[in-house]
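Hi there,

Here is the structure I promised to pass on to you. Have a look at it first, and then read my notes below.

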Amino acid sequence: MFNTWKPMWVVLLEDGIEFYKRKADSSPKGMIPLKGSSINSPCQDFGRRMFVFKLTAAKQQDHFFQAAYLEERDAWVRDIKKAIRCIDGGQRFARKSTRKSIRLPETINLSALYISMKDPEKGIKELKLEKDKRVYNHCFTGTCVIDWLVSSNSVRNRREGLLLASSLLSEGYLQPAGDTSKAAAEGLSDTPFLDLSDAYYYFPDSGFFCEGYSSDDDVVLKEEFRGTIVKQGCLLKQGHRRKNWKVRKFVLRDDPAYLHYYDPAGGEEPLGAIHLRGCVVTAVEDMPDTKKYDVDNILFEIITANETHYYMQAASSTERSEWIKAIQTVARTGK
């Protein structure tokens with residue numbers, strides 16, 4: 001009503017969401033019925049607020065919620081989606097667990113662990129796997145992830161490994177590939193991450209793609225690499241691991257909405273891909289890591305739907321504007 005943000009104690013029921021001013025209050029300040037509602041996450045309506053999702057009620061009233069961190073937001077979204085599905089299907093909604101927040105010891109650094117997992121010599125090996133007439137490139141199984149966490153002494157047992165892998169998945173360091181792992185990540189299994197040999201995952205900047213038919217929104221079909229090229233050219237890209245800058249050739253296609261990047265020296269296979277659907281792209285005026293470059297009015301940032309940040313540097317402010325406009329168009333209209 002007043003378009004202001006206030007902290008509330010929120011309770012998810014089987015048919016609606018109640019919110020209270022305080023946890024100890026006996027009566028709610030309001031209630032949002034879930035029948036006929038839809039949910040949108042991540043919500044980009046508030047540029048400076050992270051971990052926001054939008055719930056649109058049946059009467060087209062928008063309600064915005066901001067979680068404290070990514071894992072909390074995704075847990076809420078998964079449970080609300082499940083409640084809506086149960087209402088639509090005439091089923092009774094019951095949570096399988098209390099969804100306690102994943103609290104890792106302070107000694108565990110997920111970013112450092114991710115770098116170790118991607119080590120070419122000692123990390124998880126990326127494979128070409130086949131399932132249901134699809135070939136998944138640059139991916140690995142859930143069992144391989146747990147095996148690696150145990151063998152590297154990152155965890156004491158497979159149960160701890162499942163907890164840590166779930167956190168890596170929630171924070172965007174791992175992505176589900178295929179229907180089995182994606183269904184679990186959406187809350188249709190006891191755990192968001194699966195310790196199974198037929199549950200596939202990939203690193204978000206690995207260049208993963210799938211050959212053959214797939215209903216998975218996060219899969220890039222090889223035949224769709226022939227989609228219309230909207231823009232291409234070379235940009236400086238900041239690396240995720242060492243934060244160093246390298247020249248990459250970028251190819252922007254409108255269907256599906258991906259920005260692929262290649263070694264400018266040659267090579268048919270992409271080094272990586274950035275999923276643009278639902279992303280935010282903005283100009284960046286200042287970055288501490290780029291002082292050695294003349295970066296006035298030529299930096300821009302892409303924040304993907306899973307809130308992975310990519311920093312690019314164009315050759316001129318005009319070129320930067322062209323890239324931003326092209327990416328915004330593809331992100332809005334592409335699949």
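**What I found**

Strands E1 and E2 (residues 16–20) pair in the antiparallel sense over four bridges. Strands here are DSSP runs of E with at least two residues, helices are runs of H or I with at least four, and both are numbered from the N terminus. Two strands count as paired if DSSP finds at least two bridges between them. Within this pair, Val-10 has Phe-19 in E2 as its bridge partner.

Before we go on, a word on the source: this is a predicted model, in which local features need pLDDT of at least 70 and side-chain atom pairs count only at pLDDT 80 or more, while totals for chains, interfaces and linings use all residues. Residues are numbered from 1 along each chain as its sequence is written, and side-chain values use heavy atoms, with hydrogens and water left out.

Back to that sheet. It is open and antiparallel, with three strands in the order E1-E2-E3. Its edge strands, E1 (9–12) and E3 (30–33), each pair on one side only.

A second open sheet has seven strands, in the order E15-E14-E13-E12-E18-E17-E16, and its pairing is antiparallel too. At its edges are E15 (272–275) and E16 (280–284), each pairing on one side only. Inside this sheet, E12 (residues 229–238) and E18 (residues 309–313) pair over two bridges, and Lys-237 has Met-312 in E18 as its bridge partner. Helix H6 (residues 317–333) packs on the sheet, and E12, E16 and E17 (299–303) are among the strands that it touches. Touching means a contact, with heavy atoms within 4.5 Å.

Now find helix H4 (residues 158–170). Its 13 residues reach 18 Å from the first C-alpha to the last, close to the 18 Å expected at 1.5 Å a residue; that expected span is 1.5 Å times one less than the number of residues. At the N-terminal end, Asn-157 caps H4, with a side-chain oxygen 3.2 Å from the backbone nitrogen of Arg-159. After H4 comes Gly-172, which has a positive phi near 90°.

Which residues of H4 are buried? They include Gly-161, Leu-164 and Leu-168. Buried means under 20% relative accessible area (1.4 Å probe, protein chains only). Helices H1 (70–88) and H5 (179–188) are among the elements that cover the buried residues of H4.

For the whole chain, the secondary structure comes to six helices and 18 strands, and 46% of the 335 residues are buried.

Enjoy exploring!

Terms used. Buried < 20%, exposed > 50% of the residue type's maximum accessible area, 1.4 Å probe, protein only. Polar contact = N/O pair within 3.5 Å; in protein donor to acceptor, adjacent residues only side chain to side chain. Axes fitted to C-alpha atoms, helices over the stretch in contact; angles between N-to-C directions.
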